[in-house]
Amino acid sequence: MARVAPRTGDAIFANVERVNAELFTLTYGAVVRQLLTDLEEVEEVNKQLDQMGYNIGIRLIDEFLAKSNVSRCNDFRETTDVIAKVGFKMFLGVTASVTNWDADGTCCSIVLEDNPLVDFVELPDNCQGLYYCNILSGVIRGALDMVSMKTEVTWLRDVLRGDDVFELQVKLLKHVPEEYPYKDDE
């Protein structure tokens with residue numbers, strides 16, 4: 001009787017993903033540290049992280065739409081739910097929840113109980129105004145901008161500041177109608 005070797009490929013890929021996540025976390029930490037050195041002011045670092053995230057978000061949405069097999073979202077509520085449950089899982093390996101909707105359905109919170117970006121991180125006293133994960137607010141804003149939703153994304157709670165969870169407030173400012181290229185053959 002032939003013996004079947006156990007599948008070790010799955011374990012190898014799981015270890016590769018963990019190593020990639022740790023490498024990303026450490027690299028991100030080095031970027032934040034360099035920004036703190038170069039810019040010196042914490043508020044400027046917050047702005048730069050947000051802008052970096054925005055630039056990532058406007059590119060990441062294409063990959064997300066191509067790989068996620070998610071159908072078109074009907075409204076802002078459905079879109080934020082997809083970001084929390086599918087987007088965060090796909091790119092960070094965690095899921096988030098969407099809570100605290102306002103009556104108009106234009107403002108909510110995305111809550112992360114786990115955030116791999118903060119593994120190995122402690123903020124020194126001189127960085128207490130730093131939103132270390134501000135890149136995430138920019139990514140969300142950039143991705144939503146590319147699907148015609150102008151938003152404002154701000155941090156409400158942050159574990160690095162002593163809170164129990166990470167909470168981002170996402171506020172829909174304007175739903176921009178889709179524009180189609182001008183047809184010059186008419």
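Predicted model: local features only at pLDDT ≥ 70, side-chain atom pairs only at ≥ 80, totals over all residues.
The protein chain contains four helices and four strands. From the N terminus on, these elements follow the order α-α-α-β-β-α-β-β. The chain comprises 186 residues, of which 37% are buried. Among contacts with a separation of 6 or more, 56% are between residues 24 or more positions apart.

The four strands form an open sheet in the order 1-2-4-3, with antiparallel pairing. Strand 1 (97-99) and strand 3 (149-157) are the edge strands, each of them pairing on one side only. On average, neighbouring strands of the sheet are turned by 30° against each other, direction ignored. Strand 1 is joined to strand 2 by three bridges, and the two run antiparallel. Within this pairing, Ser97 has Val111 of strand 2 as its bridge partner.

On its other pairing, strand 2 (residues 107-112) is connected to strand 4 (residues 166-175) by six bridges, again in an antiparallel arrangement. Cys108 stands opposite Val170 of strand 4, and Ile110 stands opposite Leu168 of strand 4. Eight bridges link strand 3 to strand 4, also in the antiparallel sense. Thr151 is paired there with Leu172, its bridge partner in strand 4.

Two helices lie across this sheet. Helix 3 (residues 76-92) lies across strand 1, strand 2, strand 3 and strand 4, and runs at about 10° to strand 2. Helix 4 (residues 134-146) lies across strand 2, strand 3 and strand 4, and its direction is at about 160° to strand 3.

Strand 2 is mostly covered, with six of its six residues buried. The cover extends to both faces of the strand: Cys107, Ser109 and Val111 are buried on one side, and Cys108, Ile110 and Leu112 are buried on the other. Ile110 illustrates these surroundings. Not counting residues up to four places away in sequence, Ile110 touches Ile83, Ala84, Phe88, Ala96, Ser97, Val98, Ile140, Phe166, Glu167, Leu168 and Val170.

Ile110 also belongs to the largest nonpolar core, which holds 37 residues; Phe88, Ile110, Leu130, Tyr132, Leu136 and Ile140 touch the most other members. Two or more residues of this core are given by each of helix 1 (9-39), helix 2 (42-68), helix 3, strand 2, helix 4, strand 3 and strand 4. Helix 3 provides the largest share, five residues.

Asn134 is located in helix 4. Its relative accessibility is 10%, and Asn134 therefore counts as buried, the cut-off being under 20%. A polar atom of the Asn134 side chain lies 2.7 Å from the backbone oxygen of Asn46. Apart from residues up to four places away in sequence, the residues touched by Asn134 are Tyr28, Asn46, Leu49, Asp50 and Trp155.

Ser68 has its place in helix 2. With a relative accessibility of 14%, Ser68 likewise counts as buried. The backbone oxygen of Phe64 is found 2.7 Å from a polar atom of the Ser68 side chain. Excluding residues up to four places away in sequence, Ser68 touches Val86 and Met90.

Methods
Residues numbered from 1 in each chain as written. Heavy atoms only, no water. Pairing = 2+ DSSP bridges. Axes fitted to C-alpha atoms, helices over the stretch in contact; angles between N-to-C directions. Contact = heavy atoms within 4.5 Å. Buried < 20%, exposed > 50% of the residue type's maximum accessible area, 1.4 Å probe, protein only. Polar contact = N/O pair within 3.5 Å; in protein donor to acceptor, adjacent residues only side chain to side chain. Core = buried A, V, L, I, M, F, W, Y, C linked by side-chain atoms within 4.5 Å.
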